[in-house]
Amino acid sequence: METKNYSSSTSGFILLGLSSNPQLQKPLFAIFLIMYLLTAVGNVLIILAIYSDPRLHTPMYFFLSNLSFMDICFTTVIVPKMLVNFLSETKVISYVGCLVQMYFFMAFANTDSYLLASMAIDRLVAICNPLHYDVVMKPRHCLLMLLGSCSISHLHSLFRVLLMSCLSFCASHIIKHFFCDTQPVLKLSCSDISSSQMVVMTETLAVIVTPFLCIIFSYLRIIITVLRIPSAGGKWKAFSTCGSHLTVVVLFYGSVIYVYFRPLSMYSVMKDRVATVMYTVVTPMLNPFIYSLRNKDMKRGLKKLRDRIYS
């Protein structure tokens, strides 16, 4: 079989997308366009509400506003190209464009996970050590946590993309996915990917599992502390401050773990597409609703923003 190295050519890849059925392309375009607009508008409203209400200038909402910003960037890396491909017959993405999409996708996704971990730490300190909250979660420390999240995520993405750029690809250049994700692109490689896969799995475990373990540890400590509260009302009040965050964590990490923490031999095209849609499109769209529907502070902030717009 002829081997063609795409890293040294102008050839690209073909993204098959969610479905090859021509009759489904326009309905899918409409559905994902609506979801993308809801994601963008919802997260922008969250950012504006937090910015405009001084009472929301706290560490928790600082991280939430940055999470909303990352969600906008996260979906923008994937969905616009997906929408174009729904209405296009070629569905081509250049080799460089594929690596760029892969880089920013991983960078924003990993930053999301580190921000979720930062929010878990914030809840841990607020519930388990409230007397030291202002010292531990002061603005300088929050900014350092944000910068650390972004730096680690971008270094991780750069490392992964550099590994991918060293691979050669066979004559088949059809990616059975709707964007350039690591697993479906690795499937096309003619190179010996066993060593690359081992490095990728090890490094991914270190980078992705670290914030996840941080979240697990934080919530174990929170549960132990809350169970010691004598009154049922006190327990409910403490748990209610974590409900929205915990919901987002389950949605995000549930699908991420399903997609990425399996050997390449177990990769399933259709099941992975559905799981990937969950954390790339559905979760960022639901975040504004999750954080605002049961949050009195956010409701007040959004109401204040609405009054300011219409006044």
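This is a predicted model: local features need pLDDT of at least 70, side-chain atom pairs count only at pLDDT 80 or more; totals for chains, interfaces and linings use all residues.
Me: How many salt bridges does the structure hold?
Reply: The structure holds 3 salt bridges.

Me: Which residues are linked in a network of salt bridges?
Reply: The network consists of Asp53, Arg55 and Lys304. Asp53 pairs with Arg55, where the closest N and O atoms are 3.6 Å apart. Asp53 also meets Lys304, with an N to O distance of 3.8 Å.

Me: What about Arg123, which residue does it form a salt bridge with?
Reply: Arg123 forms a salt bridge with Asp122, and the closest N and O atoms of this pair are 2.8 Å apart.

Me: Are those two buried or exposed?
Reply: Arg123 is buried, with a relative accessible area of 12%. Asp122 is buried as well, at 0%.

Me: Why can such side chains pair at all?
Reply: Side chains of opposite charge can pair when their charged atoms come close.

Me: Changing topic to pockets: what volume does the largest pocket have?
Reply: Its volume is about 710 Å³. The lining of the largest pocket comprises 25 residues, and those nearest its centre are Tyr61, Ser240, Thr241, Asn295 and Asp297.

Me: Which helices each supply at least two residues of that lining?
Reply: At least two lining residues of the largest pocket come from each of helix H2 (59-86), helix H8 (232-240), helix H9 (243-260), H10 and helix H11 (296-310).

Me: How many cavities of 30 Å³ or more are there?
Reply: A search of the whole structure finds 3 cavities of that kind. The second largest cavity has a volume of about 50 Å³. Among the residues lining the second largest cavity are Leu15, Gln25, Met82, Asn85, Phe86, Lys91 and Phe178.

Me: Which element gives the largest share of the lining of that second largest cavity?
Reply: H2 gives the largest share, with 3 residues.

Me: On to helix H3: how many residues has it, and what does it reach from its first C-alpha to its last?
Reply: Helix H3 covers residues 95-128, has 34 residues and reaches 49 Å, close to the 50 Å expected at 1.5 Å a residue.

Me: And how many residues of H3 are buried?
Reply: H3 is mostly covered, since 28 of its 34 residues are buried.

Me: Finally, which residues form the nonpolar patch on the surface?
Reply: The patch is formed by Ile34, Leu38, Phe289 and Leu293, which together have about 380 Å² of accessible area. Helix H1 (22-52) and helix H10 (269-293) are the elements that give two or more residues to the patch.

Me: Where is Leu38 found?
Reply: Leu38 is in helix H1. Leu38 is partly exposed, with a relative accessible area of 38%.

How values were computed:
Residues are numbered from 1 along each chain as its sequence is written. Side-chain values use heavy atoms; hydrogens and water are left out. Helices (H or I, at least four residues) and strands (E, at least two) are DSSP runs, numbered from the N terminus. The expected span of a helix is 1.5 Å times one less than its number of residues. Buried means under 20% relative accessible area, exposed over 50%, partly exposed in between (1.4 Å probe, protein chains only). Patches are made of residues with over 30% relative accessible area and no salt bridge: like charges are joined within 9 Å, nonpolar side chains (Val, Leu, Ile, Met, Phe, Trp, Tyr) within 5 Å. Accessible areas come from the Shrake-Rupley method with a 1.4 Å probe; for residues, only the protein chains shown count as cover. A salt bridge is a side-chain nitrogen of Lys or Arg within 4 Å of a carboxyl oxygen of Asp or Glu. On a 1 Å grid over the protein atoms alone, a cavity is a set of points where a 1.4 Å probe fits but cannot get out, and a pocket is an open set with protein on both sides within 12 Å along at least five of seven lines; lining residues have an atom within 4 Å of a point. Grid points are joined across faces, edges and corners, and a volume is the space filled by probe spheres set on the points.
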